[in-house]
Amino acid sequence: YTHTGQPMPNERGEGFEFGVRTQLLHDRFDVGLTYFQIERQNIRIANPDFEPTVDSELEKPQFIAGGLDRSKGYEFSANGKLTESLSLRASVGTADARYIKSLDAYREGWKLPRTPEWNYAVGASYGLRNGVLKGLNLNASWRAWSSYRLQDVAPSPTNLRYKLRADQGGVLDLAAGYGWRSGQRLRHTVRVAVKNVTDDIFVEGSGYYSLGRQFIASYALEY
C-alpha cells in the first residue's frame with residue numbers, strides 16, 4: 001500500500017481439474033475431456049473510495065486487495081494421424097468466469113472482461129514422405145472465439161463503456177516447409193508462413209488490437 005509502505009497481501013489462487021482420456025482408431029487418435037474450476041482471492045483492484053482529483057496516495061490507497069472470482073468450464077481435445085502423412089487436431093473449450101464477491105456490488109455476478117465464453121481450434125498437417133517432393137510439409141490452423149465484454153467500469157448514464165463488447169472472430173494461419181539433407185550430417189529446412197491470412201483486425205483478450213496479416217520466412221541448418 002502506497003500510503004503505508006507495506007506490501008499488499010499476496011493474491012491467492014486455487015483450483016482443480018479432472019477428466020478422461022482415451023485412444024481411438026487403433027490408437028491413432030488421442031481424445032480427452034476435462035472439467036476445471038479456478039478461484040482467485042485478494043485480487044488487486046481499484047479502491048472505490050479513492051478519488052484521483054481529491055485524494056493523495058500518501059494518505060489513502062489507490063489500490064486494495066479484495067474480492068473473489070471463479071472460472072469453470074470444459075475442454076475437449078482430439079489429435080492424431082489419419083494416415084502416415086495426414087494429421088488432424090481439434091479442440092473446443094468453454095469458460096464461465098464471473099465475479100463472485102467484490103467491493104463494488106454492481107460487479108457481483110458479472111462475467112470477467114476479455115474472457116470469451118467459447119473458443120475453438122482446428123488444424124491439419126500433411127507431409128509428403130515419398131516422391132519428388134519428399135520432405136514437403138503443409139500446415140493449416142483455424143482458431144475462433146465467441147464475443148466478450150471489453151470494459152470493467154461501473155454502469156453510468158453518461159459512461160456506457162461497460163456495454164462495449166468484442167465481436168466473435170477467428171484467425172486462419174497457413175504454413176509450408178521443405179526439408180532436405182546434404183551429406184550425412186547436415187539437414188536444411190525452409191519454412192514460409194502466413195499468419196492471419198484474412199487480415200482481420202480484432203481486440204484480443206489482452207485488450208489490444210491484433211496484428212494484421214504477417215508473412216514469415218525462416219531457414220534452419222542442423223548438424
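Modeller: Let us begin with a definition: a residue is buried if its relative accessible area is under 20%, and exposed if that area is over 50%. Please keep in mind that this is a predicted model.

Biologist: Why is H188 called buried?

Modeller: H188 has a relative accessibility of 12%. The cut-off for buried is under 20%, so H188 counts as buried. This residue is found in strand β12, which spans residues 186-195.

Biologist: Which residues are in contact with H188, leaving aside its neighbours within four places in sequence?

Modeller: They are Y178, G179, W180, S182, Y219, A220 and L221. Y178 is 10 residues apart from H188 along the chain, and their C-alpha atoms are separated by 8.2 Å.

Biologist: What makes the pair H188 and Y219 a polar contact?

Modeller: A polar contact requires N or O atoms within 3.5 Å, one able to donate a hydrogen and the other to accept it. The side chains of H188 and Y219 are joined at 2.6 Å, and the pair is therefore a polar contact.

Biologist: Why does W180 count as partly exposed?

Modeller: W180 has 33% relative accessibility. W180 is found in strand β11, residues 169-182.

Biologist: Which residues form the nonpolar patch on the surface?

Modeller: The patch is formed by W180, V190, V192, Y219 and L221, with about 460 Å² of accessible area together. The elements that give two or more residues to this patch are β12 and β13 (214-222).

Biologist: How do you know whether S146 is buried or exposed?

Modeller: The relative accessible area of S146 is 12%. Since buried means under 20%, S146 is therefore buried. S146 lies in the loop between β8 (136-145) and β9 (148-149). The side chain of S146 has a polar atom 3.1 Å from the backbone nitrogen of E117, and a polar atom of that side chain lies 2.9 Å from the backbone nitrogen of W118.

Biologist: What makes β1 and β2 a pair of strands?

Modeller: Two strands pair if at least two bridges are found between them. Here 13 bridges join β1 to β2, so the two strands pair, and they run antiparallel. Within this pairing, E17 stands opposite F36 in β2.

Biologist: How many residues of β1 are buried?

Modeller: The count is 0 among its 13 residues, and strand β1 is hardly covered.

Notes. Residues are numbered from 1 along each chain as its sequence is written. This is a predicted model: local features need pLDDT of at least 70, side-chain atom pairs count only at pLDDT 80 or more; totals for chains, interfaces and linings use all residues. Side-chain values use heavy atoms; hydrogens and water are left out. Buried means under 20% relative accessible area, exposed over 50%, partly exposed in between (1.4 Å probe, protein chains only). Helices (H or I, at least four residues) and strands (E, at least two) are DSSP runs, numbered from the N terminus. Contact means heavy atoms within 4.5 Å. Patches are made of residues with over 30% relative accessible area and no salt bridge: like charges are joined within 9 Å, nonpolar side chains (Val, Leu, Ile, Met, Phe, Trp, Tyr) within 5 Å. Accessible areas come from the Shrake-Rupley method with a 1.4 Å probe; for residues, only the protein chains shown count as cover. A salt bridge is a side-chain nitrogen of Lys or Arg within 4 Å of a carboxyl oxygen of Asp or Glu.
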